[in-house]
Amino acid sequence: MVDHLALEPGQTVLELAAGPGDTGFAAARRIAPGTLISSDATEAMLALARARSQEQEIENVEFKQLQLEWIDLPAASVDAVLCRWGVMLLLDPGAAAGEIRRVLRPSGRVALAVWDGPERNPWATIPGRALVELGQAEPPDPNQPGMFSLASPDKLQGLLESAGFLDVVVEGIEIDRSYDGVEEFLAETLDFSRIFADTWERLSEAERSELSRTIAASLARFQTEDGSLLVPGRTLAAAASA
């Protein structure tokens with residue numbers, strides 16, 4: 001994503017839905033003494049990003065609480081925009097794309113990432129499917145915003161072109177995920193998925209054991225010779241010019 005922005009020293013880069021900020025921090029190093037604006041919708045994530053910037057000794061960064069569908073920045077005020085795994089979660093991703101186009105200077109660049117389809121990301125779908133199979137959750141509504149709502153190169157390209165972007169390029173990137181075993185996989189899922197963690201908390205010990213066995217059975221096909229797990233993942237990355 002950062003490579004696609006063709007960054008130069010002295011530029012201003014906005015990262016939206018930055019989370020811990022790592023993608024933006026990679027850009028900050030390339031634009032120094034320019035400025036990275038690291039933003040997120042929640043103050044808790046901004047606090048985490050601030051702490052990580054201090055750990056990594058990144059000084060050319062400002063932190064702002066911003067929403068994707070209404071970016072509280074002047075028009076034509078930044079040279080590039082990054083957003084990794086944020087746009088697909090919105091009720092109106094088109095509004096976000098339009099706002100990104102508005103805050104970019106002429107010929108500015110944008111780089112977005114969304115997750116590819118559920119069949120390409122079993123690391124994400126196996127826990128939820130196990131919950132549904134055991135009657136602990138309802139199947140997700142495919143018409144609602146979510147992890148896979150933009151899981152199509154055509155959708156992602158159309159989103160950017162409809163907002164007025166030019167020279168749109170979309171590519172798939174494999175992101176295999178490795179785990180020592182099922183316990184580590186479960187620990188990561190509990191950390192990353194609030195829905196899964198909330199459901200886990202209300203389950204009895206017997207129900208947790210049954211859920212763990214169901215997940216382990218689905219993960220068995222990804223077991224390697226040494227007993228660890230290598231679970232496929234795939235994201236779509238798009239870049240375009242304003």
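Predicted model: local features only at pLDDT ≥ 70, side-chain atom pairs only at ≥ 80, totals over all residues.

Biologist: How are the axes of α6 and α7 oriented to each other, roughly parallel or roughly perpendicular?

Modeller: The axes of helix α6, residues 182-192, and helix α7, residues 194-202, come within 5 Å and cross at roughly 105°. Angles of 65 to 115 degrees count as roughly perpendicular. The two helices, α6 and α7, are therefore roughly perpendicular.

Biologist: Which residues make that contact, and how many of them are charged?

Modeller: On the α6 side the contact is made by Leu186, Thr189, Leu190 and Phe192, and on the α7 side by Arg194, Phe196, Ala197 and Trp200. By class, the contact of α6 with α7 has six nonpolar residues and one polar residue, and the number of charged residues is one.

Biologist: How does α6 lie against α8, roughly parallel or roughly perpendicular, and what is the handedness of the crossing?

Modeller: Helix α8 spans residues 205-219, and its axis and that of α6 come within 10 Å and cross at roughly 110°. That angle makes α6 roughly perpendicular to α8. The crossing of α6 and α8 is right-handed.

Biologist: Which residues of α6 and α8 are in contact, and how many of them are nonpolar?

Modeller: Helix α6 contributes Val182, Phe185 and Leu186, while α8 contributes Ser212, Ile215, Ala216 and Leu219. In the contact of α6 with α8, one residue is polar and no residue is charged, and the nonpolar residues number six.

Biologist: Where is Pro33 found, and is the peptide bond from Ala32 to Pro33 cis or trans?

Modeller: Pro33 is found in the loop between α1, residues 22-31, and β2, residues 35-40. The peptide bond from Ala32 to Pro33 has omega near 10°, and its form is cis.

Biologist: Where does Ala17 lie, and does Ala17 count as buried or partly exposed?

Modeller: Ala17 lies in the loop between β1, residues 12-16, and α1, and has a positive phi of about 50° although Ala17 is not a glycine. Buried means under 20% relative accessible area and exposed over 50%, with partly exposed in between. Because its relative accessibility is 23%, Ala17 counts as partly exposed.

Biologist: In which strand does Ser107 lie, and does Ser107 count as buried or exposed?

Modeller: Ser107 lies in strand β5, residues 104-115, and although Ser107 is not a glycine, its phi is positive, at about 70°. Because its relative accessibility is 60%, Ser107 counts as exposed.

Notes
Residues numbered from 1 in each chain as written. Heavy atoms only, no water. Axes fitted to C-alpha atoms, helices over the stretch in contact; angles between N-to-C directions. Helix = DSSP H or I, 4+ residues; strand = E, 2+ residues; numbered from the N terminus. Parallel < 35°, antiparallel > 145°, perpendicular 65-115°, else oblique. Contact = heavy atoms within 4.5 Å. Nonpolar A, V, L, I, M, F, W, Y, C, P; charged D, E, K, R; others polar. Left-handed = near helix turned anticlockwise from the far one by under 90°. Buried < 20%, exposed > 50% of the residue type's maximum accessible area, 1.4 Å probe, protein only.
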